[in-house]
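Student: I have a structure open on my screen and I'd like to learn how to read it. Can we go through a few features together?

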Amino acid sequence: LSAWETTVSNRLPAYLALGGAGLLAGLVLGRPEPVVLAAPLLLAAAVGLALARPPDVEVRVRLDRERALEGEEVDVELTIVARQNVAWLDVELDLPRGLAELRRAGEGAISLRAGATREHRRHVVCRRWGGRLVGHLRLRARDPLGFFAYRMEVRQPLPLRVYPRPETLRRLLRPAETQAFAGNEVSRLKGDGIEFADIRPFVAGDRVRRINWRASARRGELHVNEMRPERNSDVVVFLDTFTELDSHGGTSLDMAVRAAAGLIEGYLRRRDRVGLVGFGGTLRWLRPAMGERQLYRMIDALIDTQVVLSYAWKGLDVIPRRTLPPKSLVVAFSPLLDERSLDALLDLRGRGYDLAVVEISPLEFVAPGQRETEQLAHRLWVMERAALRGRFLDLGVPVVTWRRGEPLDGVLAAAARLRRDARLVRA
Amino acid sequence: VTRAAGPLMGAAVVLAGALALAPAVELAPLGPLAGVAVALYLAGLALPWPGALPWALGLLAVEYLVGLEVRRAPVDAAAPAYAAAFFLCAELGWLGLEARRGRLPWGRRAVAIAGLALGGTVLAALLLLLAAVSVGGGPPMTALGVAATIAVAACLAWLGRPRE
């Protein structure tokens, strides 16, 4: 709570000057009229000065909850207690970026009697994900006659975590290889499971309940069913946070974070182990794990994601080994603009990781210029990007372009098709 | 700009025009002075230029007093009414400017202005009655007037002292 800052309306000096001039004119002219004219002005100035004093109020801020989803409304409750009469008080909520106040009719300035308490409920809409501090208030007050204006700032920071609204996903990318724990992914290996894989002749040691009696009767010798076990997989979501492209409809990082939130939720629901690597000016990671706790840990880590300017050259060596387990599927979200993230992705592929890249198309954020040379440069840049995608495809890394407004489901389906085709070619 | 700005400023200009017209009707040469005062007042509200309002009000007062002096008129019995209108004109002007900046005049302030206008009129009438009392003039009365002026200034200074 800072002190009141007082400003005087230019009305008060004007009244004093006119009143003083009237008194002097009365003396000089020897007439009562100048004094009579000055009387109401001087009376107003005297009453205004007598009544003016900074308001004595106490303001308390409370949030109705500490967590919200993007697009949801949060109520900020303001309790104002007046120790003295307050003629006019306006409380303005100064909100950080990503939050906006919904002004409704009748939520203007108030006046309070001494000892009165007024509760205000302000509706705040969470427009963008992220960790925010709410509770910066600007108080403006005036004396009963409006000669003085008072301003004060109150800071009672309350944390509000706005979670990204996850992209809706019906299908996820299937990893090339599975891990040892039970999960929802049908393994490519054969073993104990419920998914039918093949039929083979009976050998000593096979369980009797595995015998396929129909096939055995048809072929004249015992055959058994082979099954595929359901296993889990390790998935690492790789977020390129070196660059953020901004436009009116949101940023490239917004798209990446919402997509990552959707993927994380989807894979964790399938009992997969999911990890996170935020590769940018500041390097952040979370080791793969499963369960609801991991979901909250990851979403909490996601909402702290931000672009930090750095010229430091980083490689994968700085990431702890257990963050990128062998045989894990790495799904990268990147606008493919920064050389450091490109090198890191190529390095991942070189190390044999099952990599899929979702390119957040920067073309939607950068319009070609008006001049011919600018349009030529734009076309060259578009071609360079196509060549870059080709470079990844040559290495067996599917790169799918995700444009703003497109559903991620379709993009992931395209990535799955590319991966399937690549496997067929390899086979 | 709030919706109240237009009516407030309109009322203020009408009142200023009436105040300027009253002495000019009695004495035609005051017309240009009245015109300048109203134009300045109008400019102060329209531009907006708050610094012009005190000058416009000062010109209105000068016009009124010059009219009285030139006509060598006896004590004007309508002076308290003129003073109340003068005060209301000033208040309406500033309220109009505030409304233009998005601040709505609040109810209690309107009541306070009305009360001050009434109180000012009563005070002005009392002063006029006091002036009508026949007492000898001369240096002692002038000294008393100077002392009263100083007392008013001191009183205002005391009221405006910094407080906790």
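Tutor: A salt bridge is a side-chain nitrogen of Lys or Arg within 4 Å of a carboxyl oxygen of Asp or Glu. This is a predicted model, where local features need pLDDT of at least 70 and side-chain atom pairs count only at pLDDT 80 or more, while totals for chains, interfaces and linings use all residues; side-chain values use heavy atoms, leaving out hydrogens and water. Residues are numbered from 1 along each chain as its sequence is written, and chains are lettered from A, with ligands numbered from 1, in the order in which they are written.

Student: How far apart are the closest N and O atoms of A:Arg121 and A:Glu77?

Tutor: They are 3.2 Å apart, and the two residues form a salt bridge. A:Arg121 lies in strand E8 (residues 117-126) of chain A and A:Glu77 in strand E4 of chain A, so the pair ties together parts that are 44 residues apart in sequence. Strands (E, at least two residues) and helices (H or I, at least four) are DSSP runs, numbered from the N terminus.

Student: What does A:Arg273 pair with?

Tutor: A:Arg273 forms a salt bridge with A:Asp234, their closest N and O atoms being 2.8 Å apart. This pair links distant parts of the chain, strand E18 (residues 273-280) and strand E15 (residues 234-241) of chain A, 39 residues apart. A:Asp234 is buried, at 0%, and A:Arg273 is partly exposed, at 25%.

Student: How many salt bridges are there over all chains?

Tutor: A search of the whole structure finds 38. Some residues are linked in a network of salt bridges: A:Glu92, A:Asp94, A:Arg138, A:Glu153 and A:Arg155.

Student: Where is confidence lowest in chain A?

Tutor: For that, look at pLDDT, the predictor's confidence in each residue, from 0 to 100. Where pLDDT is low, the predicted coordinates should not be read in detail. Chain A averages 87, and 96% of the residues score at least 70. Confidence in chain A is lowest in strand E11 (residues 182-186), at a mean of 71, and highest in strand E20 (residues 329-334), at 94.

Note on methods: Buried means under 20% relative accessible area, exposed over 50%, partly exposed in between (1.4 Å probe, protein chains only).
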